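Reader: I have a new structure to look at and I'd like to know where the words used for it come from. Could you take me through them?

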Amino acid sequence: MAIDKSVVGKTGKPFTMPIEWSKVREFARAIRDPNPIWFEPELAKKECGGIPVPPTFLQVAAFWQDGGAIPMAGGFDMRRILHGEQEFELYRPILVGDVLTGVARIADVYEREGGRGGKMTFMVTEIEYTNQKGEKVAVARSTLIETGQAVSG
Amino acid sequence: MGLKLNYETTKVGDALPTITIENVARPDFVRYAGASGDFVPLHYDQTFVEAAGIPTVFAQGMWTAGCLGRCLTDYAGPGNVRRYRVRFSRQVWPGDTLTCRGKVTGKSIKDGDKLVEGEVEVINQKGEATVKGNFVVLAG
């Protein structure tokens, strides 16, 4: 794609993400994490004040939204997209029962010369999460890469 | 949150708990697709990947990053991870055995918080890195 810096700063519609125990348990099982903290509410309450979430759990929010929540840079070819990097900044604990509000924005778009893939376009998306008390709890930062040719194994 | 890590006794070079993920299998990717909502077909649809010229389905990068995150929560306690960043360098295939490991690279006190930072990685059975990352956790 021709690089279009004008999309930087574009935000999506705010979205709501309730933190539910069944989803946290399912996620912990999926990543083969047997820590009883995800599965035993009494233990979790004693140790953490509630059931916490695994550090990558917020990733699930990115897939639950409709089209308006996550702004996309026009012209990105989804057949040539790789997930290059993911970062979570976690400012305070997130517990089951919290209701988070997320707002996504395009933080950066830039190009780099790649290897066998040719020219690569990078798009950095940030989702900032606030809890029901209005406290900023996390930022999830994704770097997607559009490669010069189709992704192959 | 209970603080599990003792800032004073934590040293640069300390190892995080090593976690082995034996025999990565297609149901892992399907289960993660359901749990995360990541239904990109590259991770479960054999017909789709063959048409794209890829030999078989491979893991969601965030599945592998999630497995690696357990090193952090086992080490510092859930809820004490302040920053976790990963880069994806190589696919994880069915049949792989993964080693998740990490070490401490620094300590600092910021705004009264005792912070421990370090590096983590996932290595496959051939010794190749599939995910590399770094972290900051809270100590007491």
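Predicted model: local features only at pLDDT ≥ 70, side-chain atom pairs only at ≥ 80, totals over all residues.

Reader: What makes a residue "buried", and how much of each chain counts as that?

Author: The cut-off is 20 or more other C-beta atoms within 10 Å of the residue's own. By that count, 32% of the 153 residues of chain A are buried. In chain B, buried residues make up 42% of 140.

Reader: Which residues of α1 in chain B are buried?

Author: Helix α1(B) covers residues 26-36, and its buried residues are B:Asp28, B:Phe29, B:Tyr32, B:Ala35 and B:Ser36.

Reader: How do you know that they line one face of the helix?

Author: Look down the axis of α1(B): the buried residues fall within an arc of 130 degrees, so they line one face. As background, an α-helix has 3.6 residues a turn, so residues three or four places apart point the same way.

Reader: What comes after that helix?

Author: B:Gly37 follows α1(B), and its phi is positive, near 85 degrees.

Reader: Why are α1(A) and α1(B) called roughly antiparallel?

Author: Helix α1(A) is residues 21-30, and its axis crosses that of α1(B) at roughly 155 degrees, with the two coming within 9 Å. Angles over 145 degrees count as roughly antiparallel, which makes α1(A) roughly antiparallel to α1(B). The crossing is left-handed.

Reader: Which residues meet there?

Author: From α1(A) there are A:Glu26, A:Phe27 and A:Ala30, and they meet B:Arg31, B:Tyr32, B:Ala35 and B:Ser36 of α1(B). Of these, B:Tyr32, B:Ala35 and B:Ser36 are also among the buried residues of α1(B).

Reader: How many residues are in contact between the two chains?

Author: 36 residues of chain B are in contact with 30 residues of chain A. On the chain B side, α1, α3 and β2 each supply at least two residues. The largest share, 11 residues, comes from α3(B).

Reader: Which strands form the open sheet, and in what order?

Author: There are 10, in the order β1(A)-β3(A)-β4(A)-β5(A)-β2(A)-β2(B)-β5(B)-β4(B)-β3(B)-β1(B), with antiparallel pairing.

Reader: What makes a strand an edge strand here?

Author: An edge strand pairs on one side only, and that is how β1 (15-18) of chain A and β1 (19-21) of chain B sit. Neighbouring strands of the sheet are turned by 20 degrees against each other on average, direction ignored.

Reader: How do you know that β4(B) and β5(B) pair?

Author: Pairing takes at least two bridges between the strands, and β4 (residues 113-123) and β5 (residues 129-139) of chain B are joined by 10, running antiparallel. B:Val120, for one, stands opposite B:Gly133, and the bridge partner of B:Ile123 is B:Ala129. Their hairpin has five residues between the strands, and B:Gly127 there takes a positive phi near 85 degrees.

Reader: What joins β3(B) to β4(B)?

Author: 11 bridges do, and the strands run antiparallel. B:Ile109 stands opposite B:Lys114. Their hairpin has two residues between the strands, and B:Asp111 takes a positive phi near 50 degrees.

Reader: And how many bridges back the pairing of β3(A) with β4(A), and of β4(A) with β5(A)?

Author: β3 (residues 99-113) and β4 (residues 119-130) of chain A pair over 12 bridges in the antiparallel sense; A:Asp108 has A:Val124 as its bridge partner. β4(A) and β5 (residues 136-146) pair over 10 bridges, also antiparallel, with A:Thr125 opposite A:Ser142. In the hairpin of β4(A) and β5(A), A:Gly134 takes a positive phi near 85 degrees.

Conventions:
Residues numbered from 1 in each chain as written. Chains lettered and ligands numbered in written order. Buried ≥ 20, exposed ≤ 12 C-beta atoms within 10 Å, placed from the backbone. Helix = DSSP H or I, 4+ residues; strand = E, 2+ residues; numbered from the N terminus. Arc of directions from axis to C-beta. Axes fitted to C-alpha atoms, helices over the stretch in contact; angles between N-to-C directions. Parallel < 35°, antiparallel > 145°, perpendicular 65-115°, else oblique. Left-handed = near helix turned anticlockwise from the far one by under 90°. Contact = placed C-beta atoms within 7 Å.
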